[in-house]
Amino acid sequence: MKRGFIAKPHTADCLLELYGETPEEIFDQSARALLHEMTGRSPEQVAAGKTISYDTITLHAPSLPWLLVDWLNELIYRYDVRHSYTVETRINRLECSPANQFTLHAEIGTVPVADDLAQIQFKAATYHDLRFERTPDGWIAQVVLDV
């Protein structure tokens with residue numbers, strides 16, 4: 001079982017390839033990958049010595065791939081507007097309604113950016129080359145981030 005993430009150059013963007021045993025793990029790996037690409041460091045390194053603030057969020061989308069885009073855009077928004085890095089994620093529940101509406105309930109832990117600005121600042125996660133699927137070895141997702 002492959003786990004983790006790989007970031008690949010993609011024209012003027014960044015393509016994240018994400019692996020996990022469950023869809024929830026894909027969301028967790030995407031947050032780790034985003035932070036790593038922004039800072040070149042792990043969540044543990046970015047959070048070292050800082051107080052972590054926690055928020056609960058709920059997101060809705062018509063599919064798992066679109067939910068992944070919304071999730072990453074939420075984390076990018078928190079950097080851009082709230083000036084914070086997401087250093088911890090807890091996916092509490094991932095649901096699919098009978099009408100195929102997906103809902104993600106999560107807690108995120110953030111620390112202030114302060115003077116520690118990102119090396120790469122992303123505009124948004126995109127729908128280009130978007131993928132989120134189950135394989136015989138687990139789950140795999142792919143998302144392109146616009147630089």
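Buried, for this talk, means under 20% relative accessible area, exposed means over 50%, and partly exposed is in between, using a 1.4 Å probe and protein chains only. With that scale, Trp-66 is partly exposed, at a relative accessible area of 42%.

Some ground rules. This is a predicted model, where local features need pLDDT of at least 70, side-chain atom pairs count only at pLDDT 80 or more, and totals for chains, interfaces and linings use all residues. Residues are numbered from 1 along each chain as its sequence is written, and side-chain values use heavy atoms, with hydrogens and water left out.

Now the aromatic rings. A pair of rings is described by the distance of the centres and the angle of the planes. Rings of Phe, Tyr and Trp (its six-membered ring) pair if their centres lie within 6.5 Å; planes under 30 degrees apart are stacked, over 60 edge-to-face, and the rest tilted. How many aromatic pairs does this rule give? The count comes to 5.

Take Phe-27 and Trp-71. They pair edge-to-face, 6.1 Å centre to centre, with 85° between the planes. Phe-27 lies in helix α1 (residues 23-39) and Trp-71 in helix α3 (residues 64-80), so the pair ties together parts 44 residues apart in sequence. Helices here are DSSP runs of H or I with at least four residues, strands are runs of E with at least two, and both are numbered from the N terminus. Phe-27 is buried, at 0% relative accessibility. Trp-71 is buried too, with a relative accessible area of 0%.

Next, Trp-66 and Tyr-127. This pair is tilted: 5.0 Å centre to centre, 55° between the planes. Trp-66 sits in helix α3 and Tyr-127 in the loop between β6 (124-125) and β7 (131-135), so parts 61 residues apart in sequence are tied together. Tyr-127 is partly exposed, at 44% relative accessibility.

Back to Phe-27 and Trp-71. Together with Phe-132 and Trp-139, they form one aromatic cluster.

On to the strands. Two strands pair if DSSP finds at least two bridges between them. Look at β5, residues 102-112. Is this strand mostly covered or mostly uncovered? Mostly covered: 9 of its 11 residues are buried.

Which strands does β5 pair with? One is β3 (residues 53-61), antiparallel, joined by 9 bridges. There, Ser-53 has Thr-110 of β5 as its bridge partner. Another is β4 (residues 84-96), also antiparallel, with 11 bridges. Here Leu-94 partners Leu-104 in β5. β4 and β5 make a hairpin with 5 residues between them, and Asn-100 in the turn has a positive phi of about 60°.
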